Amino acid sequence: MSEATSGRLDVRKTYKLFIGGAFPRSESGRSYPVHGKNGDLLAYAAKASRKDLRDSVKAARGAFGGWSGATAYNRGQVLYRVAEMMEGRAAQFAAEVAEAEGLRPARASALVSAAIDRWVWYAGWSDKVAQVAGGANPVAGPYFNFSVPEPTGVVATVAPQDSSLLGLVSVLAPVILTGNTAVVIASELRPLPSVVLAEVLATSDIPAGVVNILTGSTAELAPIAAGHMDVNAVDLTGAPAADRAALERAAAGNLKRVLANHDGEQWTDPPTTRRLMATLEIKTVWHPAGI
Amino acid sequence: MGSGKSGKKAAGAGVVDTVSPSWEYAPAPESRDIVTIAPEYGLFISGEFRPPAAGGTFATLDPSTGAKLTTVAEAGPADIDQAVAAARTAYENVWGPMPGSERAKYLYRIARVLQERSREFAVLESLDNGKPIKESRDVDIPLAAAHFFYYAGWADKLDYAGFGPAPRPIGVAAQVIPWNFPLLMAAWKLAPALAAGNTCVLKPAETTPLTALLLAAVCQQVGLPPGVVNVLTGAGETGAALVTHPDVDKIAFTGSTEVGKQIAVSAAGTPKKLTLELGGKAANIVFDDAPVEQAIEGIVNGIFFNQGHVCCAGSRLLVQESVADAVVDRLKRRLATLRLGDPLDKNTDIGAINSRQQLDKITELTAAGDAEGAERWSPPCRLPEKGFWFPPTVFTGVSQSHRIAREEIFGPVLSVLTFRTPEEAVAKANNTPYGLSAGIWTDKGSRILWMAQRMRAGVVWANTYNRFDPASPFGGYQESGYGREGGRHGLAAYLHV
């Protein structure tokens, strides 16, 4: 952050965790320094602990019933509201992204715009995905039979390490859109934009607990998330390739759905429905037809 | 309870049943002459039956008598190498490049031959598995044929399946299937895989290999190119070696949650694509306004179909407290009319338990039910002296913490629990790490939909139970596995999506 000028000392922000709609420091009391690309100290971020992660899962589980039970129309509006709130703070996001990723202002602004547009793209899917992913099944008998997609539950996401905002939004929006709740482990080296996003989410009608964002050590937190027995799916996009096997083994403990990045997935590319579909379950309902 | 063989004599054995009529049935066995069982079977690799490289064999039994049916080969590492290599060659040179419209016609041929030879398959299935002939004849075999017919039609329409243009197959699929629906599970695995352009190495269950081997012969009969389907018989070791083979691209497994987790661990960090269809502990929920006669039939079908050897079996009956006694009374009366005995008898309702090992597991878990304080009931029932048998059993006074309410028994054992409110029914139904299926019985439409929305389960049967169809996706939430089989969704397991 820039130094104060013209006689006034600026008020610096404390970058905190986002758990259950609140902004606590880590219960462990730990923090860690975050540097820009040129080595300058940007700020200290909270270093989340095992307990913080467990608290986040608990908050996400608590929020699941209400969020997954909301109408698709409502969830779509809430996600669109996130885009509206981000638009109003676009300059702040651009400054954060520029510092975090060492980008020129124009490039950072373009990434922020793309992140905002991504929320808009996913928001529009909320009341359409059931028709695309589900349907009526023509079974050979006197039954009405239909399949609907449902959220899988609590999704733990290791956010991309490189793309601090657009990458984060690209993995988060498709998860919560369909009614899942999320525990996000933010980029370890570029965590600060995720905290600003949390501040936007907190004022965007997203119910408390639907999104929880932790900053800290990926190597420390990802195995805890992958092994947590009340997490239904884990997205390993931002996990180091060398850790992938161990994390997938941990995820097998309760048969979590495991997502990963596709080869060559570029955050600036137009999104597809792949991530949207990956955290859905298909439920099929039968009922006899008769008089 | 009567028996296909001894009728009234068994029903009257020391018990006077004043409620239900004791119908006497003459034996009506299906002839087993339609099937020729060879004295021994090889492995089906690259379109031909060949002996196992290491020479290992094992016996498969008729579980209704315990007598040996025949000897089958035990596939070892060298056989697995050969089968996977044959599948790879067929994938790259023949099946992968073949137009979908041509693949479709092979699958249609298989479907037609299964229909033509359905009686042969049904008798062989009941002999090897122990299930009643009326089930293998009316459910297993027709559904297997229907699966091939259904997916045949997809083979040249993949562009329209909703996965983008020209979706690519995955490659060589290792498919490990259970013993409860041997041919049907083979069809569930092979049909979508082949339609999507993959080639397959199928490992049938140790205790029920014979219909998979007959299906291999059908593959020869229809002229399926060598290596497109390979069948390796063997036990768990063979299955483990197959799914960990480095040249396998796709693993599809149906079986226990325990083994499913082991497979997920073994596939961790590899690019292999994995789908799992695992265990269940389904709630079958009966409300006080349910149509009682239909509900009773649904409860019976839910847990006693296929001797309860069904992953989606309605093994937990949740009945509303106000009607619990009446429902349980009627259920007991109905169970007294079921006929247990010779699987090949066309009157038989309850066949044999598939193996000694499974019988031991059922015996152990039901003993735990006694020990934990639940009340056991079975209808008057004389079990055949030879083979593996377990009577239909109902436990009342079961609480959620009992093992028989939490663990999958995979046998003809029903645990009865009660609830008062719909909210309590939802909470109890979902109180399990599984999530495969659920049943709802009520006359109120809005309540059906309200309940169906809240079941954390992949299949919900409302006012019916245990219905299956190739067009209908099947598969679980949570620890019941991931991926779906059946319908358009079933294709996703065998395509890069």
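In strand S7 of chain B, Lys203 (B:Lys203) is the bridge partner of B:Val176. This pair is a starting point for walking through the structure, which is a predicted model.

The chain gets from S6(B) to S7(B) by way of helix H6 of chain B, residues 182-195, and this β-α-β crossover is right-handed. Strand S6 of chain B covers residues 172-176, and it is joined to S7(B) by 5 bridges, with the two strands running parallel.

For S7(B), that gives two sets to look at. On one side are B:Thr199, B:Val201 and B:Lys203, and on the other are B:Cys200 and B:Leu202. Both faces are covered, as the residues of both sets are all buried.

S7(B) also pairs with strand S8 of chain B, residues 229-231. Here 3 bridges join the strands, which run parallel. Within this pairing, B:Leu202 stands opposite B:Val231 in S8(B).

The next topic is the nonpolar core. In soluble globular proteins, nonpolar side chains tend to be buried together. The largest nonpolar core in this model has 257 residues, and A:Ala225 and B:Leu107 are those with the most contacts inside it. What is B:Leu107 in contact with, leaving aside its neighbours within four places in sequence? Its contacts are B:Phe148, B:Tyr151, B:Ala152, B:Ala155, B:Ala191, B:Leu194 and B:Ala195. Of these, B:Ala191, B:Leu194 and B:Ala195 lie in H6(B), the helix of residues 182-195 that the chain passes through on the way to S7(B).

Last comes the place where the two chains meet. There, 25 residues of chain A are in contact with 33 residues of chain B. Three elements of chain A each supply at least two residues of the side that touches chain B: strand S4 (143-151), helix H9 (244-251) and strand S10 (280-288). S10(A) gives the most, with 8 residues. By type, the residues on this side of chain A divide into 12 nonpolar, 7 polar and 6 charged.

S10(A) also pairs with a strand of the other chain: 3 bridges join S10(A) to strand S17 of chain B, residues 459-462, and the two run parallel. In this pairing, A:Val285 stands opposite B:Val460.

Methods:
Residues are numbered from 1 along each chain as its sequence is written. Chains are lettered from A and ligands numbered from 1 in the order in which they are written. This is a predicted model: local features need pLDDT of at least 70, side-chain atom pairs count only at pLDDT 80 or more; totals for chains, interfaces and linings use all residues. A residue is buried if 20 or more other C-beta atoms lie within 10 Å of its own, exposed if 12 or fewer, and partly exposed in between; C-beta atoms are placed from the backbone. Helices (H or I, at least four residues) and strands (E, at least two) are DSSP runs, numbered from the N terminus. Two strands pair if DSSP finds at least two bridges between them. A crossover is right-handed if, with the strands pointing away from the viewer, the path from the first strand over the helix to the second runs clockwise. Two residues are in contact if their C-beta atoms, placed from the backbone, lie within 7 Å. Ala, Val, Leu, Ile, Met, Phe, Trp, Tyr, Cys and Pro count as nonpolar, Asp, Glu, Lys and Arg as charged, and the others, Gly among them, as polar. A nonpolar core is a set of buried Ala, Val, Leu, Ile, Met, Phe, Trp, Tyr and Cys residues joined through C-beta atoms within 7 Å.
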